[in-house]
Amino acid sequence: RFPKRAVGVVGFDEGLARRVFAASTLFVVPSRFEPCGLVQMYALRYGAIPVVTPVGGLADTVKPLTMDSGTGVVAESVTHEGLVAAIYEALDRMSDSSEARAIVTRAMKENFAWTNAIVPYVALYDSFFPSRA
């Protein structure tokens, strides 16, 4: 029905996945449940601004856009209306080229390496087992 406009790929191709992230301006993640999620982290790394629902790891890793901070758009609710409003907000924010550059720069600076997460992780562990500290 849409020749040369859409393609379906069955299976996983890491090179293709990386090219899709690199070519994307926005990356919509409409999860109703997401205990962790890696796709939004990949999107941030490649400068594709995530538009996510406010659940689990998505809400934990995507900082809502404000005037001068944030890395993505978090929908107000896990509904069709909430997601559509978030997409429109993202499109509006990315339409200003200077703001878009600033958002992409912040997004690509995010670092989810364990070296950054280990200190609060150990502190949390120690709070459950104080005799270990």
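The paragraphs below go through the predicted model from overall layout to sheet, pockets, aromatic pairs and single residues.

Residues are numbered from 1 along each chain as its sequence is written, and side-chain values use heavy atoms, with hydrogens and water left out. Because the model is predicted, local features need pLDDT of at least 70 and side-chain atom pairs count only at pLDDT 80 or more, while totals for chains, interfaces and linings use all residues.

The protein chain contains six helices and three strands; helices (H or I, at least four residues) and strands (E, at least two) are DSSP runs, numbered from the N terminus. Read from the N terminus on, the order of elements is α-β-α-β-α-β-α-α-α. Taken along the principal axes, the C-alpha atoms fill a box of roughly 65 × 40 × 30 Å. Of the 133 residues in the chain, 30% are buried, where buried means under 20% relative accessible area, exposed over 50%, and partly exposed in between (1.4 Å probe, protein chains only).

Confidence is given as pLDDT, the predictor's value for each residue, from 0 to 100. The chain averages a pLDDT of 92, and 98% of the residues score at least 70. Among the elements, strand 3 has the highest mean pLDDT (98) and helix 6 (residues 114-128) the lowest (87). Where pLDDT is low, the predicted coordinates should not be read in detail.

The three strands form an open sheet in the order 1-2-3, with parallel pairing. Strand 1 (26-29) and strand 3 (73-74) each have a single partner strand and stand at the edges, so one side of each is left without a neighbour in the sheet. Two strands pair if DSSP finds at least two bridges between them; strand 1 and strand 2 (residues 49-52) have four bridges, in the parallel sense. In strand 2, V51 is the bridge partner of V28, and V52 is that of V29. In a regular strand the side chains alternate between the two faces of the sheet. Both faces of strand 2 are covered, with I49 and V51 buried on one side and P50 and V52 buried on the other.

Next come the pockets. Rolling a probe the size of a water molecule over the atoms shows where empty space is left. The search uses a 1 Å grid over the protein atoms alone: a cavity is a set of points where a 1.4 Å probe fits but cannot get out, a pocket is an open set with protein on both sides within 12 Å along at least five of seven lines, and lining residues have an atom within 4 Å of a point. Grid points are joined across faces, edges and corners, and a volume is the space filled by probe spheres set on the points.

The largest pocket holds about 340 Å³ of space. Its lining has 14 residues, and E14, A17, R18, F21 and Y42 lie nearest the centre. Helix 1 (14-23) and helix 2 (39-46) each supply at least two lining residues, with helix 1 giving the largest share, six residues. By class, this lining has eleven nonpolar, no polar and three charged residues; Ala, Val, Leu, Ile, Met, Phe, Trp, Tyr, Cys and Pro count as nonpolar, Asp, Glu, Lys and Arg as charged, and the others, Gly among them, as polar.

The second largest pocket holds about 230 Å³. It is lined by N111, F112, A113, W114, N116, A117, P120 and Y121, which divide into six nonpolar, two polar and no charged residues.

For aromatic contacts, rings of Phe, Tyr and Trp (its six-membered ring) pair if their centres lie within 6.5 Å; planes under 30 degrees apart count as stacked, over 60 as edge-to-face and the rest as tilted. This rule gives five aromatic pairs. One of them is the tilted pair of Y125 and F129, at 5.0 Å centre to centre and 40° between the planes. Y125 is partly exposed at 37% relative accessibility, and F129 is partly exposed at 43%. Elsewhere, ring pairs link F21, F27, Y42 and Y46 into a cluster.

Two single residues remain. Most residues other than glycine have a negative phi, and most peptide bonds are trans. K4, although not a glycine, has a positive phi of about 65°. K4 lies in the segment before helix 1 and is exposed, with a relative accessible area of 89%. A86, by contrast, lies in helix 4 (residues 80-94) and is buried at 3% relative accessibility. The C-alpha atoms of A86 and E76 are separated by 7.6 Å, with the two residues ten apart along the chain.
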